[in-house]
Every structure is written in structure tokens, then in C-alpha cells.
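Student: Could we go through this model together? I would like to know what lies behind the words we use for it.

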Amino acid sequence: MTAQPTSFSPLARLLHWLMAPLVVAMLFIGIGMVATLSSWHQVLLSIHRPLGIAILVLAVIRLIVRVTRRTPALPSDMPAWQRGLAHGSHWLFYALLLAMPLVGWSMLSAGGYPVQLAGSVYLPPIVPHDVHLYTFLRAAHTYLALLLFATFLMHLGAALFHGLIRRDGVFSSMTTGARAAGQD
Amino acid sequence: MKRPLPSMMELLRRPGQHLDVLGRLAAIGVVVVGIGGGFAYVSGVLTPHRLTAQRMINTFEANGGVHPGYRRNHAKGVCFAGYFESNGSASDISRAQVFRPGRTPVIGRFAIPGTNPAIADGSTPVRSMALEFRSGNGEQWRTAMNNTPVFVVNSARGFYEQLEASRPDPATGKPDPAKLAAFFAAHPETQPFRNWVKSHPPSTSFANAAYYGINAFRAVDMSGQTHDVRWSVVPQAPYTPVTKQDAARHDFLDSELEDRLSQGPLRWHLILTVAKPGDVTNDATVAWPDDRARIDAGTLVVQRESAQADGDCRDINYDPTVLPDGLKISDDPLLAARSSAYAVSFNRRTHEEAEASGTNAQ
């Protein structure tokens with residue numbers, strides 16, 4: 001058995017930092033485009049759909065990387081509730097990153113909208129045109145987005161807490177990959 | 001060496017000795033709250049005076065009440081089905097499949113403006129036609145047209161101010177004429193629309209009216225060149241102005257349409273009008289000169305109608321920005337505003353529809 005690593009693999013770190021700005025941008029694009037009446041509405045919509053599918057693809061790759069590679073353990077002096085929250089919120093992230101694009105795609109399908117990626121590139125509908133289903137999925141897309149945003153804020157706060165207050169190597173295990181000596 | 005982390009109690013008891021930790025905690029708080037606040041700002045909840053799609057639709061509801069399950073504007077209407085027979089003439093300026101020679105199925109809707117689905121047909125001179133073309137390659141072209149060649153305003157803000165000015169006075173049930181007059185005085189761009197309505201009495205029928213795409217669009221040809229266009233449908237049935245007696249019947253437009261369709265299909269020519277350089281594309285209140293090239297792209301054939309309560313058009317949001325490859329939106333700011341506001345209307349009415357059918361099932 002190999003020893004437990006002290007940091008995330010370079011591939012896991014690359015995926016994390018590639019997806020983090022995309023996902024945060026996606027949340028702002030989504031909440032902004034449904035409110036605005038300006039021409040930003042069309043611009044943001046045309047980014048939202050292909051970006052969502054890109055995140056879906058990246059999330060699948062990331063899930064595979066997560067289950068096939070070992071991850072560093074949390075510091076042993078962390079209280080149990082914090083460890084539980086850390087693990088729970090990470091799996092919630094995976095679930096939401098996979099669910100959000102699929103709910104969005106299904107929602108457009110159920111609403112009878114063409115799912116245009118770019119130009120004449122369309123995705124096929126994945127559920128039938130059914131407004132009852134649409135109204136459920138449309139609400140789910142909003143509530144899951146708010147849950148994702150709340151999870152992100154908590155994650156950001158916790159990451160900075162590890163990096164600036166606890167200084168226990170958890171933050172650097174996802175950034176430089178170097179874990180400060182004597183921290184375990 | 002790292003000092004052990006002070007406990008919460010220790011931080012509160014002797015804050016002066018832990019200024020560095022408190023400062024870093026505060027920095028984390030600023031980052032998290034700042035990003036959360038930015039998100040709230042973008043959503044519009046922090047700025048009640050900003051005109052959002054939700055507030056536009058709220059204003060329709062404030063003016064005319066909520067009629068669950070119905071569109072927030074152009075609520076009264078009827079579905080129809082038919083097809084578009086393209087003659088291929090528009091292929092020169094647009095590569096859209098719908099313009100190649102052949103037939104494309106169409107699900108459409110005739111309607112009149114207003115939030116009330118039971119309003120009298122004589123209440124307005126405006127009639128509208130919405131179309132959804134479904135091409136074989138899965139692409140769609142949706143358009144929502146009015147029987148006036150120019151629109152009343154050229155911005156979402158103008159449209160909102162018109163809504164506010166035409167809110168019925170609770171005492172009379174009618175808009176306050178002084179407020180309307182003030183609105184028109186402040187919006188001189190409304191003049192071409194008002195002149196047109198004054199000089200063109202409404203038609204007797206949905207079937208003998210021409211309908212105009214309201215906004216300018218861009219047609220993209222095979223080589224990728226774009227051409228600014230507006231489109232309209234011109235009826236084969238001759239125009240006849242409506243009489244007072246006709247208009248006095250509450251649902252005269254619908255019953256007249258039923259009679260006509262029982263005698264055979266109705267036809268319109270689909271016309272693409274091509275702009276010349278310099279023609280404005282970002283202002284729906286300005287007509288283009290009459291001498292612009294007009295391409296007769298083919299014939300729209302309406303074969304049958306059905307009540308909107310369970311018709312095929314009910315579950316379609318006629319968002320004018322749903323376009324096939326070969327047609328693009330122009331720089332007209334109304335297009336994005338229409339798309340955004342129609343989506344809110346669609347979301348609300350489909351939600352109500354689902355709730356109502358849930359109740360019926362119990």
C-alpha cells in the first residue's frame with residue numbers, strides 16, 4: 001500500500017483550478033441573465049449553455065480522478081463536525097456539478113426550447129416537451145444553483161480559514177501541493 | 001514555531017493580543033460577504049428600482065391582475081397549425097433550412113394584447129400572429145409579430161413607462177388620460193406608431209391583416225455575409241376595415257376565424273425586406289423607406305385552429321430570439337428585453353398550469 005499523499009494530485013489540482021472560475025462565473029452568469037433586460041441577456045445565454053456542458057464533461061472527468069486517486073487526509077486535530085462538513089460538502093459539490101448541467105439541459109428540453117450550443121450545433125432533447133416537468137426542473141435549476149453558491153461560499157470561507165488561520169497545509173494541498181513540514 | 005490557535009473565548013476576552021488573527025478572520029469575512037453581496041447585486045434583489053425582467057412582468061400583473069396559466073401579455077388568443085411552403089427565393093440571403101424550397105410545419109397563435117384572457121376583441125386595434133417553424137434538422141424559428149409595421153417604443157424602459165402610464169385608475173377602471181398624455185409627450189418616438197394606428201382602422205379578421213416582425217434581424221447567407229432584414233406576412237384575403245357592429249361582438253375575431261377556416265385554409269406571403277446601408281436596425285419605431293427590396297419567400301398556410309386551453313401553441317414561448325442558423329438577432333435592444341421578459345411569463349404561467357392540474361387530479 002502506498003502512503004497517503006499529503007496533497008492532491010497535479011491532475012486533481014489542475015481540474016479544481018480550471019473548474020473553480022468556470023463554475024463561479026456560471027453562477028453569476030445564470031443569476032444575471034434571468035434578471036437583465038439588456039442585450040447582456042443574449043450574450044450571457046449564449047455563454048451559459050456551452051459552458052454548462054463543458055462543466056458537465058469536466059465534472060465527469062473530475063469524479064473519475066477523485067475515485068481513482070488517493071486524496072490527502074484532513075489534519076487529525078480537526079473537530080469531527082468540521083471533518084464531516086468538509087467531506088459532506090465535497091460530495092455535495094460533485095453531485096451538484098453533475099446535476100446542474102443535466103437539469104439545465106432537461107429543463108430546456110421539457111420547455112420545448114432548442115438546446116443550442118453554438119451556431120448550428122444543437123444537443124438533442126433528453127426529456128419530452130412537457131411543461132409540468134419543465135416547471136419542476138426550472139425551479140430545481142434555481143434552487144440547486146443557490147445551494148451550489150452557498151456551498152461555494154462555505155468552501156471558500158473554510159479554505160481561507162485553513163490557509164490563513166489554521167495554516168495546517170489543507171489549503172496548500174490544493175494549491176502548490178507542498179505541505180508545510182511538521183503539520184501532521 | 002506556530003503558536004496554538006486561540007479559542008473563540010480567548011479571542012473575545014483578550015482581542016488586543018490577537019489582532020493578527022482577528023485581522024485575518026475579518027479579511028476572510030470581507031471576501032465571503034463581498035462575493036455573496038456581488039451575487040445578490042447581480043440578481044437585482046438589492047436594487048429595487050432597476051428594471052428587471054421580473055419587474056416588467058410584475059407591472060403587467062399590477063395593471064391587469066394575475067390570470068393563472070395565461071401569458072402575461074397577449075393573453076387572449078387561439079392556436080393554429082399549418083405549414084410554410086418555401087419557394088427558395090430567400091436562400092440568396094439566408095442559409096436557413098426553412099428558406100430552401102419545400103415545406104416546414106408551423107404551430108402558431110393569433111392573439112390580441114392585454115393581460116386579460118377574456119377581454120373583448122374590440123378593445124384594441126392590435127392583432128398579433130406568432131409562429132414556430134420546425135425544420136427537419138431540429139432547428140426552430142420563432143417569431144411573434146404585430147399588425148403594425150412599427151412598434152410603439154424602442155426600449156424596454158420606454159415600454160415599462162408606457163405600462164406604468166396605462167395602469168387603470170381604480171376609480172374608473174380606465175387609464176388616466178393625463179398620465180398617458182404625459183407619457184406620449186415624453187416619448188416622441190411613439191409618434192409613427194400612433195399615426196399608423198390612426199390612419200389604419202383594424203381589419204375585420206385575423207385572416208385579412210398583415211403582420212410585421214417588429215424588430216430587425218440579420219440574415220446570414222451561404223458565404224457568411226449578413227443582410228439586415230425585417231419580415232412580414234401579407235394576407236391573400238383582402239383587407240376590410242372592421243365596423244362598429246362587428247367590433248361590438250365580444251369574440252368576433254375568433255368566431256370569424258372559425259368560419260373562414262371551415263371553408264378552407266388561409267394564406268399569407270412571407271416577405272423579407274432587405275435594408276440598405278444606413279437603415280436603422282436598432283430602433284423598432286422607425287420604418288425603412290418603401291423602396292427597399294422585398295423578397296417573397298413563400299406561402300404561409302394556416303389549416304386549422306384550436307382553443308389555446310389545450311392547443312399545441314399553449315406550451316410554446318414565442319421568444320423572437322429563437323432563430324435557426326441563417327438568421328440572427330440585430331442590435332435592436334428590444335429583442336433581448338422581449339426574450340428575457342417572455343421567459344418570466346412562460347415560467348410563471350407553466351408553474352400555475354402545473355399547480356392547477358395537480359389540484360384537479362386530487
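Tutor: Gladly; we will take the terms one by one, bearing in mind that this is a predicted model.

Student: Let's start where the chains meet. What makes a residue part of the contact, and how many come from chain A and chain B?

Tutor: Two residues are in contact if their C-beta atoms, placed from the backbone, lie within 7 Å. The contact takes 34 residues from chain A and 41 residues from chain B.

Student: Which helices of chain A supply at least two residues each to the side that touches chain B?

Tutor: They are H1 (10–33), H2 (40–68) and H4 (131–166). H4(A) gives the most, with 14 residues. By residue type, that side of chain A has 18 nonpolar, 13 polar and three charged residues.

Student: How do you know where the "transmembrane region" features of chain A are?

Tutor: That comes from UniProt, in an unreviewed entry, which places them at residues 14–35, 47–65, 91–113 and 143–165 of chain A. The annotation may be inferred rather than shown by experiment. For residues 91–113 of chain A, the span is 87% helix and 0% strand, and the ends lie 31 Å apart.

Student: And chain B: what is it built from?

Tutor: Chain B has nine helices and 10 strands. Of its 362 residues, 41% are buried.

Student: Which residues does Leu270(B) touch, leaving aside neighbours within four places in sequence?

Tutor: Among them are Phe84(B), Trp231(B), Val233(B) and Leu300(B).

Student: Why do we say that S8(B) pairs with S7(B) and with S9(B)?

Tutor: Pairing needs at least two bridges. S7 (residues 226–235) and S8 (residues 266–274) of chain B have seven, and nine join S8(B) to S9 (residues 293–307) of chain B, so both count as pairs. Both pairings are antiparallel. Val234(B) stands opposite His269(B) in S8(B), while Thr273(B) stands opposite Arg294(B) in S9(B).

Methods
Residues numbered from 1 in each chain as written. Chains lettered and ligands numbered in written order. Predicted model: local features only at pLDDT ≥ 70, side-chain atom pairs only at ≥ 80, totals over all residues. Helix = DSSP H or I, 4+ residues; strand = E, 2+ residues; numbered from the N terminus. Nonpolar A, V, L, I, M, F, W, Y, C, P; charged D, E, K, R; others polar. Buried ≥ 20, exposed ≤ 12 C-beta atoms within 10 Å, placed from the backbone.
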